[in-house]
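Good morning, and thank you for making time for this presentation.

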Amino acid sequence: MSERSGMQRSNEDDSGRSNATDRGDGRKDFDELTSKTQSRRTVLRGTAAACAAGVGLTSTASASSDSYEQYYDDYRTVVDVTDVGADNSGNESITPVLEELRDDDTLLVFPEGRYYMDEQFRFTGFDNFGLVGQNATLVPANYWNFSGPQYRLFRLGISYRPGNHIRFEGFDIDQTAPNTGIRVIEAFAANRLEVRDITVYGQHDSGTWGPGRFNITEADGTGIVDQFWVPDGAAWINDTPTAGERWRGPTGFVSNMNKGTLQYKHCWLDGFPDNGLYATSKNGTVIVHGGLYKNCNGANVRVGGQNSQIRWPTVEIDSMRPEDRSQRGIRLEDGHGFKIHGAAVTNTVPEPTSHAISVMNTCQSARIERTQIDVRGPDVNHGIVLSPECGETALVDTTIDHQTAGGHAIWIMDTDSTDRVIGEYLTITGEAGDASGFRDAIRCERDNCRFNKIEVDQTGRNGANRNAIVNRGSDLTVYKSDLRADRYPYIDIGSNALVLDSELASSGDREAVCLYSSSENPSFKQNHLVNGIRDYGASYVTAWSNDYS
């Protein structure tokens with residue numbers, strides 16, 4: 001069963017225990033990984049620092065960790081957990097101590113050290129609660145040694161009894177020992193959620209739920225997950241102790257019941273078997289700002305909601321495991337007013353259907369702008385795919401370098417919908433092939449589309465028979481565009497198309513335009529059409545003031 005299909009029931013179940021075996025330590029591997037990732041970590045933190053948000057509180061309380069003093073006035077009680085018995089040597093479980101300290105309006109401070117946990121800590125229905133670490137490392141027990149629900153370290157709030165204000169910051173999680181992957185935190189916050197500076201070391205190889213689940217339960221609530229890094233990903237379910245119990249394996253981050261505004265900022269997810277970021281609530285708003293999302297099966301960034309935004313992320317697919325079947329870059333669904341701005345999506349090992357960007361049927365409106373897409377590989381694959389029932393979509397100031405064996409850089413799929421698709425200032429290049437008949441840079445199967453000032457160059461691969469635009473819809477307009485292709489720059493099998501003030505040329509010495517017998521009322525005005533028009537019986541063709549030389 002997937003986490004999504006069983007989430008409502010399973011996530012509210014705190015029953016069950018497991019047999020215990022030796023937990024292992026993994027200290028050496030953790031130190032080596034820390035050293036190897038330090039340079040990357042420094043770079044990402046430096047980039048993030050310019051945008052980091054502070055709460056600006058005044059300090060009046062004292063504890064052994066000074067870096068969070070600015071938070072102390074936010075709480076009635078501030079506790080250094082080592083002062084009341086929490087072991088920071090990694091030898092004894094701290095969960096019983098945390099249970100004793102659990103109280104509203106309380107901040108728990110974890111000084112430098114290693115904190116072993118072999119049981120979930122749960123706290124719900126509070127107004128204000130936080131946990132912060134200063135060079136603190138959480139060490140989960142392995143799957144067999146973890147008592148009770150083997151899903152989470154921290155469960156703060158639940159859907160029907162959320163916390164009002166939740167803070168969780170400054171922890172490393174050492175899961176380098178075998179079978180120690182676990183959800184670090186699951187949080188339901190009504191008003192305010194703050195999760196910052198979390199790094200997970202080691203592959204999540206126990207098969208339990210992925211590292212984070214976050215939801216805001218009130219429409220006017222806000223949350224941020226800032227610099228939560230999971231660079232080592234997760235094992236497929238059949239390579240874990242829970243083989244056969246779930247579909248695929250862990251998801252990176254889940255936000256499937258969000259009603260407020262939730263931001264994922266400068267996060268890092270790599271190599272999850274069942275989606276990287278899965279934030280698909282129909283209600284609420286999700287903002288993805290920056291970050292690195294890489295090599296996740298299903299989709300690397302999958303977002304729903306109202307007026308959700310994906311700004312400046314880097315999405316990379318450069319390796320696949322044998323079990324991976326589709327690694328889409330960005331997927332939009334279940335909502336309206338989506339915006340992708342400044343994304344960089346690179347897929348160099350795509351399986352078929354691993355589109356760079358998918359706009360799904362349940363996406364009612366979207367805008368993709370200032371985005372760079374690079375798709376290449378030995379299989380047929382596509383750049384931006386607009387599903388048949390998706391709503392109005394704008395593609396603006398975007399570049400697609402398409403180097404696959406075949407496929408469409410932009411595929412606007414067949415539909416009865418007349419919601420407009422508009423493309424402006426698009427650049428499509430690359431030596432794509434024509435495998436399986438997928439030979440069109442832009443394949444337009446929808447009515448009421450328009451392309452303004454676009455450049456398409458499909459002349460790179462000898463004998464590829466690429467076309468620049470193939471139109472099957474009604475009322476297409478192409479304006480002030482430059483279309484070049486090995487085969488035909490423009491093919492029309494639709495109706496009422498207008499090509500105006502554009503340059504069209506075939507590098508294969510064919511005509512600039514090919515009209516099939518199903519084409520009705522096409523118009524070509526004031527264009528430069530090298531070698532003219534090939535007409536296979538189109539109806540009512542208008543050609544006015546064109547240059548054919």
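The secondary structure of this protein consists of three helices and 46 strands. Please keep in mind throughout that this is a predicted model. The protein has 549 residues, and 60% of them are buried. Its accessible surface is about 19900 Å², and carbon and sulfur atoms account for 42% of that area. As for contacts between residues at least 6 apart in sequence, 72% of them join residues at least 24 apart.

How far does the predictor's confidence reach? The mean pLDDT of the protein is 88, and 87% of the residues reach 70 or more. One stretch calls for caution: over residues 1-65, pLDDT stays under 50. The model does have 141 contacts beyond four places in sequence for that stretch. Where pLDDT is low, however, the predicted coordinates should not be read in detail.

The largest nonpolar core holds 109 residues, and the members that touch the most others are Phe154, Phe214 and Phe228. Which strand gives the most to this core? That is strand S9, residues 183-201, with eight residues. Phe154 itself, leaving aside residues up to four places away in sequence, touches Leu98, Met117, Phe121, Leu131, Leu138, Phe168, Val184, Ile185 and Glu186.

Ring pairs join Phe154 in a cluster with Phe110, Tyr115, Phe121, Phe123, Phe126, Phe129, Phe168 and Phe171. Across the whole structure, a search finds 21 aromatic pairs. One of them is formed by Phe214 and Phe253, with an edge-to-face arrangement: the centres are 6.1 Å apart, and the planes stand at 70 degrees. Phe214 belongs to strand S10 (residues 212-216) and Phe253 to strand S12 (residues 253-254), so this pair ties together parts that are 39 residues apart in sequence.

A second pair, Tyr516 and Tyr536, has ring centres 5.5 Å apart and planes at 20 degrees, so it is stacked. Here the partners come from loops. Tyr516 lies between strand S42 (513-515) and strand S43 (523-525), while Tyr536 lies between strand S45 (533-535) and strand S46 (542-544), so the pair ties together parts that are 20 residues apart in sequence. Tyr516 is partly exposed, with a relative accessible area of 31%. Tyr536 also counts as partly exposed, at 43% relative accessibility.

What does the side chain of Asp174 make a polar contact with? The partner is the side chain of Arg114, at 3.2 Å.

Next comes Thr415, in the loop between strand S30 (410-412) and strand S31 (421-424). Thr415 is buried, with a relative accessible area of 9%. A polar atom of its side chain lies 2.8 Å from the backbone oxygen of Pro388. The backbone nitrogen of Ser417 lies 2.9 Å from a polar atom of the Thr415 side chain. Setting aside neighbours within four places in sequence, Thr415 is in contact with Pro388, Glu389, Glu445 and Arg446.

Finally, I come to Ala435, located in the loop between strand S32 (427-429) and strand S33 (440-444). With a relative accessible area of 27%, Ala435 is partly exposed. How far apart are Ala435 and Gly406 in sequence and in space? They are 29 residues apart in sequence, and their C-alpha atoms are 4.6 Å apart. Gly406 is one of the residues that Ala435 touches, together with Val380 and Ala405, not counting residues up to four places away in sequence.

Thank you for your attention.

Technical notes
Residues numbered from 1 in each chain as written. Predicted model: local features only at pLDDT ≥ 70, side-chain atom pairs only at ≥ 80, totals over all residues. Heavy atoms only, no water. Core = buried A, V, L, I, M, F, W, Y, C linked by side-chain atoms within 4.5 Å. Buried < 20%, exposed > 50% of the residue type's maximum accessible area, 1.4 Å probe, protein only. Helix = DSSP H or I, 4+ residues; strand = E, 2+ residues; numbered from the N terminus. Contact = heavy atoms within 4.5 Å. Areas by Shrake-Rupley, 256 points an atom, 1.4 Å probe, with all protein chains shown as cover. Polar contact = N/O pair within 3.5 Å; in protein donor to acceptor, adjacent residues only side chain to side chain. pLDDT = per-residue confidence, 0-100. Phe/Tyr/Trp six-rings, centres within 6.5 Å; stacked < 30°, edge-to-face > 60°.
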